[in-house]
Amino acid sequence: MQAQDRRFLFLQGPHGPFFGALAERLGGLGAGTLRICLNAGDRAAWPRSLPSLALPGRVETHPAALARCLAAYGATDIVLYGARPLHEAARGLAREAGLTCHVFEEGYLRPHWITYERGGANGASPLIGLSLAQIRAAAAAIALPATEAPLSWGTARAHAVHGALYHARVLAGRHAFPAYRSHRDIGLGREAWLNVLRLLRAPRLAVTSRLQAAKLLAARTPYHLALLQLGHDGAVRRHSPFPDMAGFIETCLAAFAKGAAPDRHLVFKAHPFEDGREPLSRILRRGAARYGLAGRIHLVAGGPLGPLLDRADAVVTVNSTAGQQALWRGLPLAALGCAVYDKPGLVSRQALPAFFARPDPPDRAAYLDFRRFLLATSQFRGSFYTKSGRQELLTTLPERMLSPQDGYAHAMAGPATQQQPVALAPRTERAVDTVA
C-alpha cells in the first residue's frame, strides 16, 4: 500500500509536540492524518494546520465514538502511546478491523532510544511471544556493536517540563472539554499540582539523593537493590499483580526478611518521576519495623542509577526497563511482573526468598544478543521531549511506519541490517537536556 493510500488516526501521544511533528512528516510523504483530541492539552500540542476532531464525552463513551471515527475517516492505521484505557480499546478495534496499530513507548533501552512497535508495548509487546532461542537465532545475523548502558535517564527534566505544560493546558481549557476525566485515579488539579511540586523540588532532591547514595556507597555495606516504579503507571497496573508500589514493597520486605543473610541490606531506588502520591518513606519505615529490619532498609529518592547498580549484589523489580541495566552488568535479576526481558536465562525463576538468599546470575552472552536484537528492531535513537531528539527520530520513523513489516518481523524473516546509528552520545553532550 502506497503512502497516498494510508490514513493515520492519532490518539494521545507523549507529552509535547512529537506526534504533531510525526504527522507533518507523514503528511509530507503523502499520507492522510487526523488527531483525536480528548482535552485541551491534546489540542494545544497538535499543529493547527492539520485536521483534528474532539471527543468531548466521558472516557467510558469514547470506544464507541472511536469506532465511528475509524469508519467515517476510512483509517488504515492507528497511532498511540502507552496503554491508556482508550488505547487498549483502540488496539482491539484495530485487530477486529485489520488496521495497523503503531505503538510508541519510552525506550526499553533508555535514555537514548524510544520504542516503536506494532500491536502493543510492554506486557502486550510482540516480544512477549518470542522465546530467547528465537531472538538469539535472529540476533546472530545482526552486526551491531555492544553499546554501553547509560547511567541515567537523560531527558527527565525535559519530560517533566512538557508534562507540567500539558496538565496546565488541560486545566486552562477544561471549559471546552467539561466531561473530560483523566485516566489517573487523582483529579486533574491534583496531578498538575504534583507536577509543579516535582519541578520545584528537583534541585533539592538532586542534592539529597546524591548524599544518600554517597553515604550508602561509602559504608561498603553489601546490599540488594529494589527498583521502584510509578504505582499509577499502566505497566504496573496492567502487567503485574500489584495495584501500587506499596504491594511491591510489602512483597520485597517479607521475602528479604525470610531469605536474606543478616549482613545484607535492601536499598529501594525511587523512580525519577516519583511525585509523592505514595508515601514511600513511611511505607518503608513501617514495613522495616514490622519485619524486624530496622537499619537494613534504605530509600534513595533520586539521582543516577548506575553507581548503585555497580555495587549491588542483585536487583528486584516489577517490570522496569531499568532491569536491563542490571542485566547489562551481569547482575542477578528478579522481575515480579510481565516484562519484555523476562525470559528464562535472563531473569531468575527462583522464589523471592531464595533469590535474596543466593540469586542465580543471568546468561550475559544471551542478554547481549537480546539487546542487539532490540537495537536493530524496535529501539530508535532520539527523544520525544527535545527538539534535537525529535529531529533524529523523524529521519527514520516515518519510513519505518510505512513499511509493510515491523522490525521484529523483518529480523525474524532473515538477515537484518543496522537500522540506525547506535553509538552513544559523548558524556558532555547537553542536547538531551534542552527543552524545546
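Me: In which sense do strand 10 and strand 11 pair?
Reply: Parallel: strand 10 (residues 315-317) is joined to strand 11 over three bridges. Within that stretch, Val 316 stands opposite Ala 334 in strand 11. Two strands count as paired if DSSP finds at least two bridges between them. Helices (H or I, at least four residues) and strands (E, at least two) are DSSP runs, numbered from the N terminus.

Me: Before I go on, what is this model, and how are residues numbered?
Reply: It's a predicted model, where local features need pLDDT of at least 70 and side-chain atom pairs count only at pLDDT 80 or more, while totals for chains, interfaces and linings use all residues. Residues are numbered from 1 along each chain as its sequence is written, and side-chain values use heavy atoms, with hydrogens and water left out.

Me: OK. What's the strand order in the open sheet of five strands?
Reply: The order is 9-8-7-10-11, with parallel pairing. Strand 9 (297-300) and strand 11 (333-335) are the edges, each pairing on one side only. On average, neighbouring strands there are turned by 20° against each other, direction ignored. For angles, axes are lines fitted to C-alpha atoms (for helices over the stretch in contact), and values run from 0 to 180 degrees between N-to-C directions.

Me: Which strands does helix 9 touch?
Reply: Helix 9 (residues 245-259) packs on that sheet and touches strand 7 (223-227), strand 8 (265-269), strand 9 and strand 10. Its direction makes about 165° with that of strand 8. Then there's helix 10 (residues 280-290), which lies across strand 8 and strand 9 and runs at about 170° to strand 9. Contact here is heavy atoms within 4.5 Å.

Me: And the sheet of seven strands, what's its order?
Reply: That open sheet goes 3-2-1-4-5-6-12, and the pairing is mixed. Its edges are strand 3 (52-54) and strand 12, each pairing on one side only. Neighbours in this sheet are turned by 25° on average, direction ignored. Helix 14 packs on the sheet, touching strand 6 (113-118) and strand 12, and its direction makes about 65° with that of strand 12.

Me: How many bridges join strand 1 to strand 2?
Reply: Four, and the two strands run parallel. Arg 7 stands opposite Gly 32 in strand 2. Arg 7 also lies over the face of Tyr 73, 4.3 Å from the ring centre. The rule for that is NZ of Lys or CZ of Arg within 6 Å of the ring centre and within 35 degrees of the ring normal. Another case is Arg 364, whose charged end sits over the ring of Trp 328, 5.0 Å from its centre.

Me: Switching to aromatics: how many aromatic pairs does the count come to?
Reply: 16. Rings of Phe, Tyr and Trp (its six-membered ring) pair if their centres lie within 6.5 Å; planes under 30 degrees apart count as stacked, over 60 as edge-to-face and the rest as tilted. Tyr 81 and Phe 384 are edge-to-face, 5.9 Å centre to centre with 90° between the planes.

Me: Where do Tyr 81 and Phe 384 lie?
Reply: Tyr 81 is in strand 4 (residues 77-81) and Phe 384 is in the loop between strand 12 (379-381) and helix 15 (387-394), so the pair ties together parts 303 residues apart in sequence. Tyr 81 is buried because its relative accessibility is 10%, and Phe 384 is buried at 1%. Buried means under 20% relative accessible area, exposed over 50%, partly exposed in between (1.4 Å probe, protein chains only).

Me: Which rings are linked into a cluster?
Reply: Ring pairs join Phe 10, Phe 18, Phe 19, Trp 46, Tyr 81, Phe 104, Tyr 116, Phe 380, Phe 384 and Tyr 385.

Me: Now His 15: buried or exposed?
Reply: Buried, because its relative accessibility is 16%. His 15 sits in the loop between strand 1 (7-10) and helix 1 (18-28). Leaving aside neighbours within four places in sequence, His 15 contacts His 159, His 162, Gly 163, Tyr 166, His 167 and Tyr 385.

Me: What does Asp 42 touch?
Reply: Not counting residues up to four places away in sequence, Asp 42 touches Gln 12, Arg 35, Ile 36, Cys 37 and Tyr 166. Asp 42 is in helix 2 (residues 40-44) and counts as buried because its relative accessibility is 1%.

Me: Last one: how many helices and strands does the protein have?
Reply: 17 helices and 12 strands. Of its 436 residues, 55% count as buried.
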